[in-house]
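This report describes helix packing, charged side-chain pairs and backbone features in one model. The sequence and coordinates come first, and the discussion follows.

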Amino acid sequence: EAIVRGDIELIDALFDASHSLTFRWIANTFLDVAREMVDRFPALWVHDPTYCSVVETLIEALKERDGERAADTLMAYYTKTDLVLVDQLRRMTDRMRAIEAMRAEPT
């Protein structure tokens, strides 16, 4: 849970670093949803074992002012974890459909 909350805070800090009011407005909505998901559906947060090394690489890239490397690092990480999340949601949806189908069968 600490890593998940830390991830949300890291994302919040990145939005702050942009110094963009538009990004801040978008971030507020995004972060509110993320915090709500962590509280209500903790199993949906993907815990990837490479997370810490990804954050280290991201911070190095930011310190070096290498925006392309930072963006590529995040894109690769979130592409990988998004696929896991989509698979989890698909399996949950399949289970729910199977349950609903069983309920709809005549007794």
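Is Arg-65 buried or exposed? Arg-65 is exposed, with a relative accessible area of 78%; here buried means under 20% relative accessible area, exposed over 50%, and partly exposed in between, with a 1.4 Å probe and protein chains only.

## Basis of the analysis

This is a predicted model, in which local features need pLDDT of at least 70 and side-chain atom pairs count only at pLDDT 80 or more, while totals for chains, interfaces and linings use all residues. Residues are numbered from 1 along each chain as its sequence is written, and side-chain values use heavy atoms, with hydrogens and water left out.

## Loop residues with positive phi

Arg-65 is located in the loop between α3 and α4. Helices are DSSP runs (H or I, at least four residues), numbered from the N terminus. The phi of Arg-65 is near 55°, a positive value in a residue other than glycine.

His-19 has a positive phi of about 55°, and it is not a glycine either. This residue belongs to the loop between α1 and α2. With 75% relative accessibility, His-19 counts as exposed.

## Packing of α1 and α2

The axes of α1 and α2 are 10 Å apart, and the two helices pack at an angle of about 175°. Axes are lines fitted to C-alpha atoms, for helices over the stretch in contact, and angles run from 0 to 180 degrees between N-to-C directions. α1 and α2 are therefore roughly antiparallel to each other; the term applies to angles over 145 degrees, with those under 35 roughly parallel, 65 to 115 roughly perpendicular and the rest oblique.

Among the α1 residues that meet α2 are Val-4, Ile-8, Ile-11 and Phe-15, and the α2 side includes Phe-23, Ala-27, Phe-30 and Leu-31. Contact means heavy atoms within 4.5 Å. By class, this contact has 10 nonpolar, no polar and 7 charged residues. Ala, Val, Leu, Ile, Met, Phe, Trp, Tyr, Cys and Pro count as nonpolar, Asp, Glu, Lys and Arg as charged, and the others, Gly among them, as polar.

α2 has 20 residues, which at 1.5 Å a residue should span 28 Å, and its end C-alpha atoms are 29 Å apart, in agreement. The expected span is 1.5 Å times one less than the number of residues. The buried residues of α2 pack against α1; Arg-24, Ala-27, Leu-31, Ala-34 and Val-38 are buried in α2.

Ala-34 has a relative accessible area of 6% and is buried. Leaving aside residues up to four places away in sequence, Ala-34 touches Ile-8 and Trp-45. Ala-34 and Ile-8 are 26 residues apart in sequence, and their C-alpha atoms are 7.3 Å apart in space.

A salt bridge is a side-chain nitrogen of Lys or Arg within 4 Å of a carboxyl oxygen of Asp or Glu. The count by this rule is 12 salt bridges. One of them joins Arg-35 to Glu-9, with the closest N and O atoms 3.5 Å apart. Arg-35 lies in helix α2 (residues 21–40) and Glu-9 in helix α1 (residues 2–17), so this pair ties together parts that are 26 residues apart in sequence. Arg-35 is partly exposed at 28% relative accessible area, and Glu-9 is partly exposed at 44%.

Arg-24 and Asp-12 also meet in a salt bridge, at 2.8 Å from N to O. Arg-24 lies in α2 and Asp-12 in α1, so the pair ties together parts that are 12 residues apart in sequence. Both Arg-24 and Asp-12 are buried.

## Helix α4

α4 has 38 residues and reaches 53 Å from its first C-alpha to its last, close to the 56 Å expected. Its buried residues are Ala-70, Thr-73, Tyr-77, Thr-81 and Gln-88, and what covers them includes α3 (51–63). Thr-73 is buried, with a relative accessible area of 14%. Not counting residues up to four places away in sequence, Thr-73 touches Val-54, Thr-57 and Leu-58.

Asp-94 and Arg-90 form a salt bridge, the closest N and O atoms being 3.1 Å apart. The two residues are 4 apart in α4 (residues 67–104), so about one helical turn separates Asp-94 and Arg-90. Asp-94 is partly exposed at 37% relative accessible area, as is Arg-90 at 42%. A network of salt bridges links Asp-87, Arg-90, Arg-91 and Asp-94.
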